[in-house]
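Here is a short report on one protein chain. Keep the sequence and the 3D view open while reading.

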Amino acid sequence: MSPELDARSSPQILAYYAYKATKAVEFYRPVMYLYFLSQGLSFAQIAILESLYNLTTVFGEVPTGYVGDRIGRRNSLLVGTGLISGTLVAIGFAGSFAALAILYVCWSMGYNFRSGSEDAWLYDALTDERSGDEFARVRGRGESVALLVGVGASIIGGYLGGVDLSYPFFVAAGVTSLGLFVLLAVDESETYERTRADRLGFGETLGIVRKTASKREIRSFVLYYFVLFSAVSYLVFIFLQPVFEAVIPQYGVSERQIEPLLGWFYAAISLVAAGLSYNAGWIVERVGLRRWFVVIPLALGASLAAMYVVPLLAIPVLLFARSVGETTRTLAGQYVNDRIESLGRATVLSAMAMVSGLTVVPFQLGGGALSDAASPLLTLGVAGGVLFAGSLAILAWEMPVRTPASSDNAVE
């Protein structure tokens, strides 16, 4: 399952794999929302925190993407990684909703600096080697490295959470900070240096974003993936833990076993997702982007709706929902990167994330209110219905995944 680190792998690609291994999110993910609930937060307050995160994304993505284009993709990643590491430590010490609200803004800004720049850095590094079409394969394998590390991290995080729910955040901060040393060991790509993006004006950059968004092969895909699919996937991310906690006793599990089992469950998610991500290149070649993006949203929507009717389906459905997320993001990155130029690339990718962040806010607030009034299980069931119906509506309007005629056989 490890990436093929052969003689053709450049130092930048090897550094990319090492950087992905330091992302460390799985240490705290198995207990993240249980930690917030233990601090006395309600589902509505958690939804507000997530909304603050996404509003910060909305207002910060394009400016930070522009900064990434000006100062360099690697330097932008350094800023983001430092912010995230410091924020994780502070979250472990936070004891109030107000403190967490401030930290969520800092957390989001850290990811803003990394979101567009990470894919732009990789795509430009591959372009240096004239292999930009390998983006899905290399990114998928990088993601598989992160996910395989996450298998062990999830198990450790679950057990650490059983001792103290704040401990996983401290460990994650330490591992994330290792990414700073990895990034300092590599140079900016030659493709970026040739674009002279450091002289790009903000107005000119926004013009590039508008031109990209108006392309027929981009516009409906933004609505289909960055709006609808991403918003529902985010709700799954938020409510997985309370749904798991509510459903797992039906399998004969005692309350004291829940946190360790969450760790093992997240490990299983990482393992399945790693297998899918590692084979992202195969998916592009054999399954095709069009088939993947038609089938997966419909299957996910139907599964979430069915989970509400038959709660015992929750465990396999949540495993499926979380496992396909990273692979789908990788394939979306290949699709968009193939249709934009290097000049302003980080800003364009950040703009896509901004659209996603803006759209998810009403989903989060509505989901939090519905979960407090009814249950998180109902919230995900309703979200599944919205995803299924919305996907059908977009497909009826316009095919969101369009491929050049020269590559139809490869990706359709």
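## Salt bridges

A search of the whole structure, which is a predicted model, turns up four salt bridges. One joins the side chains of Glu118 and Lys20, with N to O at 2.8 Å. This pair links distant parts of the chain: Glu118 sits in helix H5 and Lys20 in helix H1 (residues 11–21), 98 residues apart. Glu118 counts as buried because its relative accessibility is 4%. Lys20 is buried too, at 1% relative accessibility.

Lys20 also forms a salt bridge with Glu143, and the closest N and O atoms are 2.8 Å apart. Glu143 lies in helix H6 (residues 135–163) and Lys20 in helix H1, so this pair ties together parts that are 123 residues apart in sequence. Both Glu143 and Lys20 are buried. A network of salt bridges links Lys20, Glu118, Arg139 and Glu143.

Another salt bridge is local. The side chains of Glu326 and Arg329 meet at 3.7 Å, N to O. Both residues lie in helix H14, three residues apart, or about one turn of the helix. Glu326 counts as buried, at 14% relative accessibility. Arg329 is partly exposed, with a relative accessible area of 44%.

## Overall build

The chain has 17 helices and zero strands. Of its 412 residues, 58% are buried. Take the contacts with a separation of 6 or more: residues 24 or more positions apart account for 87% of them. The chain exposes about 15800 Å², and carbon and sulfur atoms supply 64% of that area.

## Nonpolar cores

The largest nonpolar core holds 89 residues. Tyr28, Met32, Phe36, Trp107, Phe221, Phe293 and Leu331 touch the most other members. Helix H10 (residues 216–247) gives the most to this core, with 20 residues. Apart from this core lies another, of 18 residues, including Tyr16, Tyr123, Leu126 and Phe135.

What does Tyr28 contact, leaving aside its neighbours within four places in sequence? The partners are Leu88, Trp107, Tyr111, Pro168, Phe169 and Ala172.

Tyr224 is in helix H10. With 1% relative accessibility, Tyr224 counts as buried. Its side chain reaches the backbone oxygen of Phe293 at 2.3 Å. The C-alpha atoms of Tyr224 and Phe293 are separated by 8.9 Å, although the two residues are 69 apart along the chain. Beyond neighbours within four places in sequence, the contacts of Tyr224 include Val294, Pro297, Ile394 and Pro400.

Asn112 has its place in helix H5 (residues 97–128). Is Asn112 buried or exposed? Asn112 counts as buried, because its relative accessibility is 1%. A polar atom of the Asn112 side chain lies 3.2 Å from the backbone oxygen of Thr56.

## Surface features

Tyr251, Tyr308, Val309, Val310, Leu312 and Leu313 form a nonpolar patch on the surface. Together they have about 550 Å² of accessible area. Leu312 is found in the loop between helix H13 (289–309) and helix H14 (314–337). At 41% relative accessibility, Leu312 counts as partly exposed.

Arg256 is in the loop between H10 and helix H11 (258–278). Arg256 is exposed, with a relative accessible area of 71%.

Conventions
Residues numbered from 1 in each chain as written. Predicted model: local features only at pLDDT ≥ 70, side-chain atom pairs only at ≥ 80, totals over all residues. Heavy atoms only, no water. Patch = residues over 30% accessible without salt bridge, like charges linked within 9 Å, V, L, I, M, F, W, Y side chains within 5 Å. Areas by Shrake-Rupley, 256 points an atom, 1.4 Å probe, with all protein chains shown as cover. Helix = DSSP H or I, 4+ residues; strand = E, 2+ residues; numbered from the N terminus. Buried < 20%, exposed > 50% of the residue type's maximum accessible area, 1.4 Å probe, protein only. Core = buried A, V, L, I, M, F, W, Y, C linked by side-chain atoms within 4.5 Å. Contact = heavy atoms within 4.5 Å. Polar contact = N/O pair within 3.5 Å; in protein donor to acceptor, adjacent residues only side chain to side chain.
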